[in-house]
Amino acid sequence: MLEKIDALLVEVQNFQSSAKDEIEQFRIRFNGKKGVLNDFYEFLKQVPNEQKKDAGQKINTLKQAVNGKLEELKTSSESSLILEKEDLTRPAFPLELGSRHPINLVKNKIIDIFKSIGFAVADGPEIEDDWHNFTALNLPEYHPARDMQDTFFIEQNPDVLLRTHTSSVQIRYMENNEPPMRILAPGRVFRNEAVSSRSHCIFHQIEGLYIDENVSFADLKQTIQFFTTELFGKSKIRMRPSYFPFTEPSAEVDVYWGLNSETDYRITKGTGWLEIMGCGMVDPAVLKNVNIDSDRFSGYAFGMGIERIVMLLYQMSDIRMFFENDIRMLEQFKTL
Ligand code: PHE
């Protein structure tokens, strides 16, 4: 009986097929209930004990050969199935690379610039209460920003509204942290304004806040100058006195854009100067509202509209383009 094994081993090794039913027949012939291997196991029972070990080993060799062959046939028939289904010579799907929205591109640039001088990014909700958007920022009750005409109210008494500026994040951050603090708060803001090429009811701002001991207006000016140099390559700035309820003194910052081209004349209205942000020293009344000792600490804050800056950098003329998400506009930012 055992002498048959060598011939069977050759048979197993030589068996080749990719036809499913032939493979199945092969399996049944060797591994089936009445198959060759079971015959050998039956036979093994009658083998005298002292020969059992040798006989068992031979049978086992055959068993392994059979199982190895079945495994081999299985994987090759699987891969031939894949080959039949897929045309591997077809050109691959092109991987469409998306592009970042210009608002995000510029926002990230601004964040990088301020990160390099120690500012961290902070976040706040777009739906705000009266305290964080107005009262804590020293905005008096009769301030026009509190008017229905300017603000989208969600509920009244108590007021719940869409934040009109990112300055609300100043308050939230100061309430929950101890000085020194140096943060940048980018985000969407909402104002009840007629939509035109220059204004939109939704836009983006970046707020900056720095509170520490001995922070001065000179620090503010230096920081802004560093920023305009990094972002625009322009270091000439001027600060015009202005008014915000939450800063004292307050200023508008203009950057000297120059008058080198016709576009420069157009966007600066012939002056060469461009307004880029509002800023000032945080009003001690605001510090008091968030329980920061205004005798010991002082600080500055600034806020800028991102759309305006994007329009400047990329010479875009209509703010509505940012919200229409026209793919033809977005695709132009692919390589940036
Ligand atoms: N929140 C002001 C605005 O929306 C900008 C600003 C921020 C001014 C911080 C001063 C300080 O116009």
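Reply: A salt bridge here is a side-chain nitrogen of Lys or Arg within 4 Å of a carboxyl oxygen of Asp or Glu. The model is predicted, so local features need pLDDT of at least 70 and side-chain atom pairs count only at pLDDT 80 or more, while totals for chains, interfaces and linings use all residues. Residues are numbered from 1 along each chain as its sequence is written, and side-chain values use heavy atoms, with hydrogens and water left out.

Arg238 forms a salt bridge with Asp254, and the closest N and O atoms are 2.9 Å apart. This pair links distant parts of the chain, with Arg238 in strand S7 (residues 237-244) and Asp254 in strand S8 (residues 247-256), 16 residues apart. Strands (E, at least two residues) and helices (H or I, at least four) are DSSP runs, numbered from the N terminus.

Buried means under 20% relative accessible area, exposed over 50%, and partly exposed in between (1.4 Å probe, protein chains only).

The contact also belongs to a network of salt bridges that links Arg238, Arg240, Asp254 and Glu275. In the whole structure, a search finds 13 salt bridges.

Another of them joins Glu24 and Arg27, again with the closest N and O atoms 2.9 Å apart. Both of these residues lie in helix H2 (residues 20-31), three residues apart, about one turn of the helix. Glu24 is partly exposed at 35%, and Arg27 is partly exposed at 33%.
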